[in-house]
Structures are given as C-alpha cells and as structure tokens.
Amino acid sequence: MFDTLKQAVFASIGLADLTREKVEGVVAEVARRAKLSEADAAEFQAELNERVEKARAELGAEIDRRIDQAFIQLGLLKANVKHEAESVGSTVQKLTDQSLDALLSRAGVARQEDIDSLTQRIELLEKKLAEKCS
C-alpha cells in the first residue's frame with residue numbers, strides 16, 4: 001500500500017520544483033496518513049530528496065539542450081563555444097604562419113623584410129657612390 005502511495009506522490013508532484021521545506025512537508029503528511037514509523041519516513045524523505053535532485057539535474061540538462069538547439073537554429077554560438085572556436089582559430093593561424101614561413105625559407109623565397117633591408121642597403125651604396133663620383 002505504501003509503495004503505491006509513494007508512486008502516486010512521485011507522479012503527482014513536479015519533483016524538480018520541490019524545495020527542501022516542501023519535501024519535508026510532503027513526507028510529514030504522507031507519514032501521518034500512512035502511519036509510517038520514523039525510520040520509514042526518514043527513508044521515504046531520503047528517496048524523495050534523491051529523486052528531487054535527479055529531476056532537477058534532468059530538467060537542467062533538458063533546458064541546456066533546448067537552449068543549445070535554439071542557438072543552433074538561430075545560427076548563434078554559445079559564448080564559451082565561440083571563445084573556444086576563436087582560440088582554436090588563433091592556434092591554427094599561428095601554426096599555418098609558422099609552416100608557411102618554414103616552407104618559404106626552404107624554397108629560398110625572399111620576405112618583404114628581406115627586400116626592404118636590401119633596398120635600404122642599395123640606396124646607401126648608391127648614395128656613397130654618388131658622393132665619391134662628385
């Protein structure tokens with residue numbers, strides 16, 4: 001009989017919405033009506049508390065899942081996902097730059113800074129040569 005009553009209580013209460021005070025009130029009322037011993041009432045309260053926490057966790061997970069779904073449908077990313085994507089993108093960019101620099105160096109391709117340095121040296125040499133010729 002008590003098991004049937006317990007199942008009815010679990011089924012009729014929105015478990016995720018219960019506060020500790022409400023749980024204690026429900027347990028006290030069920031214990032009074034079912035004439036439960038203190039041990040049975042304590043066991044029932046522990047089971048109800050466990051189910052409340054599980055229901056809250058499941059509700060939280062469901063809310064998170066639905067929010068993620070809504071963001072995806074809207075084409076938005078959650079802030080932490082966006083931050084991680086930016087971080088990965090930055091790392092990939094650095095690795096790509098390093099690989100490209102190494103490849104260009106092996107191929108003997110001059111970089112802009114090399115060309116600028118050579119241009120300055122040529123201009124300096126031309127200036128010195130013009131001074132000697134004058």
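Asp 101 is partly exposed, at a relative accessible area of 34%. This is a predicted model, in which local features need pLDDT of at least 70, side-chain atom pairs count only at pLDDT 80 or more, and totals for chains, interfaces and linings use all residues. Residues are numbered from 1 along each chain as its sequence is written, and side-chain values use heavy atoms, with hydrogens and water left out.

**View 1. Asp 101 in helix α4.** Asp 101 sits in α4, which covers residues 79-107. Here, buried means under 20% relative accessible area, exposed means over 50%, and partly exposed is in between (1.4 Å probe, protein chains only). Look for Arg 111 as well: Asp 101 and Arg 111 are 10 residues apart in sequence, and their C-alpha atoms are 9.0 Å apart in space.

**View 2. The whole chain, for orientation.** Helices (H or I, at least four residues) and strands (E, at least two) are DSSP runs, numbered from the N terminus. Of the 134 residues in the protein chain, 13% are buried.

View 3. Helix α2 takes in residues 20-34, and its 15 residues should span 21 Å at 1.5 Å a residue; the end C-alpha atoms are 21 Å apart, which agrees. (The expected span is 1.5 Å times one less than the number of residues.) Val 23, Val 27, Val 30 and Ala 31 are the buried residues of α2. Down the helix axis these buried residues fall within an arc of 100°, so they line one face of α2; the arc is that of the directions from the helix axis to the C-beta atoms. Turned away from that buried side is a face with the exposed residues Glu 21, Arg 32 and Arg 33. Just after α2, Lys 35 has a positive phi of about 55°.

**View 4. The largest nonpolar core.** Nine residues make up this core: Val 23, Val 27, Val 30, Ala 31, Leu 36, Ala 41, Phe 44, Leu 48 and Val 52. A nonpolar core is a set of buried Ala, Val, Leu, Ile, Met, Phe, Trp, Tyr and Cys residues joined through side-chain atoms within 4.5 Å. Helices α2 and α3 each supply at least two residues of the core in this view. Leu 48 is a handy landmark in α3, and at 0% relative accessibility Leu 48 counts as buried. Leu 48 and Val 23 are 25 residues apart in sequence, yet 7.2 Å apart in space, C-alpha to C-alpha.

View 5. Which residue forms a salt bridge with Glu 47? The partner is Arg 51, with the closest N and O atoms 3.3 Å apart. A salt bridge is a side-chain nitrogen of Lys or Arg within 4 Å of a carboxyl oxygen of Asp or Glu, and by this rule the count is one. Glu 47 and Arg 51 are four residues apart in α3 (residues 38-74), so about one helical turn separates them. Glu 47 is partly exposed at 23% relative accessible area, and Arg 51 is partly exposed at 30%.

**View 6. Helix α5.** Are the residues of α5 buried or in the open? Of its 22 residues the number buried is zero, so α5 lies largely in the open. Helix α5 runs over residues 112-133 and should span 32 Å at 1.5 Å a residue; its end C-alpha atoms are 31 Å apart, which agrees.
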